[in-house]
Amino acid sequence: MSGEIGAGVGSEDSGHHAARYAGALAVDLGVPLVLVFGYDPILLGGEVGDLRAKVRELADRTLGKLRDELQATHPGLEIEILLVENRPVESLVFVAEQRSPRAVVVGHGGRGPLSGALLGSVCYEIVHRCPSPVIVVPEA
């Protein structure tokens, strides 16, 4: 195992509570934290470079703020940001397969069983597909 802790992070506050937990865990274990932002590839016709750039800009800005917050809370914590152009589930599974983190931390948004079944659940898929141990952090 590489020893790092991975955390899946979305573009809003989705997953930020999990990343905060992952940061504290990484500090406790004395290992680096990897923030993973997976986003669906843009498959629209025509010129999509601008849209792709905007998505990456949003991810950079969102994760940059989160990284700054975590480093202010945990000075000395080594944090890496990975932007992966794939569905969030596929991105986290890919990173876990490639890097073998000690654990992958994901948030659970508290969706009910019906909306989770209809809309899908990143948390559910990660728990069942991830090759690394998964820690699920419920929203506070």
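Val36 stands opposite Leu82 of strand β3, and the two strands involved, β2 and β3, pair in the parallel sense over 7 bridges. This is a predicted model, in which local features need pLDDT of at least 70, side-chain atom pairs count only at pLDDT 80 or more, and totals for chains, interfaces and linings use all residues. Residues are numbered from 1 along each chain as its sequence is written, and side-chain values use heavy atoms, with hydrogens and water left out.

**Confidence**

- The protein has a mean pLDDT of 84, and 80% of its residues reach 70 or more; pLDDT is the predictor's confidence in each residue, from 0 to 100.
- Where pLDDT is low, the predicted coordinates should not be read in detail.

**The sheet**

- Helices (H or I, at least four residues) and strands (E, at least two) are DSSP runs, numbered from the N terminus.
- Two strands pair if DSSP finds at least two bridges between them.
- Five strands form an open sheet with parallel pairing, in the order β3-β2-β1-β4-β5.
- β3 (79-85) and β5 (134-138) stand at the edges with a single partner strand each, so one side of each has no neighbour in the sheet.
- From one strand to the next, the twist averages 25°; axes are lines fitted to C-alpha atoms, for helices over the stretch in contact, and angles run from 0 to 180 degrees between N-to-C directions.
- Strand β1 (residues 5-8) pairs in the parallel sense with β2 (residues 33-39) over 4 bridges, and Gly6 stands opposite Val34 in β2.
- β1 also pairs in the parallel sense with β4 (residues 103-108), over 3 bridges, and Ala103 in β4 is the bridge partner of Ile5.
- Helix α3 (residues 88-99) lies across β1, β2, β3 and β4 and runs at about 140° to β2.

**Burial and cores**

- In a regular strand the side chains alternate between the two faces of the sheet.
- Both faces of β1 are covered: Ile5 and Ala7 on one side, and Gly6 and Gly8 on the other, are all buried. Buried means under 20% relative accessible area, exposed over 50%, and partly exposed in between (1.4 Å probe, protein chains only).
- The largest nonpolar core has 23 residues, of which Ile5, Leu33, Leu35 and Leu66 touch the most other members. A nonpolar core is a set of buried Ala, Val, Leu, Ile, Met, Phe, Trp, Tyr and Cys residues joined through side-chain atoms within 4.5 Å.
- At least two residues of this core come from each of β1, α1, β2, α2 (49-73), β3 and β4, and α1 gives the most, with 5 residues.
- Apart from this core lies another, of 14 residues, including Val36, Val104, Val106 and Cys130.
- Not counting residues up to four places away in sequence, Ile5 touches several residues, among them Ala22, Leu25, Leu33 and Val105; contact means heavy atoms within 4.5 Å.

**Two serines in loops**

- Ser100 is found in the loop between α3 and β4 and counts as partly exposed, at 34% relative accessibility.
- Phi of Ser100 is near 45°, a positive value in a residue other than glycine. Most residues other than glycine have a negative phi.
- Ser132, in the loop between α5 (122-129) and β5, is buried, with a relative accessible area of 9%.
- Leaving aside neighbours within four places in sequence, Ser132 is in contact with Ala96, Ser100, Pro101 and Val104.
- A polar atom of the Ser132 side chain lies 3.4 Å from the backbone oxygen of Pro101.

Terms used: A polar contact is a pair of N or O atoms within 3.5 Å; within protein, one must be able to donate a hydrogen and the other to accept it, and residues adjacent in sequence count only if both atoms are side-chain atoms.
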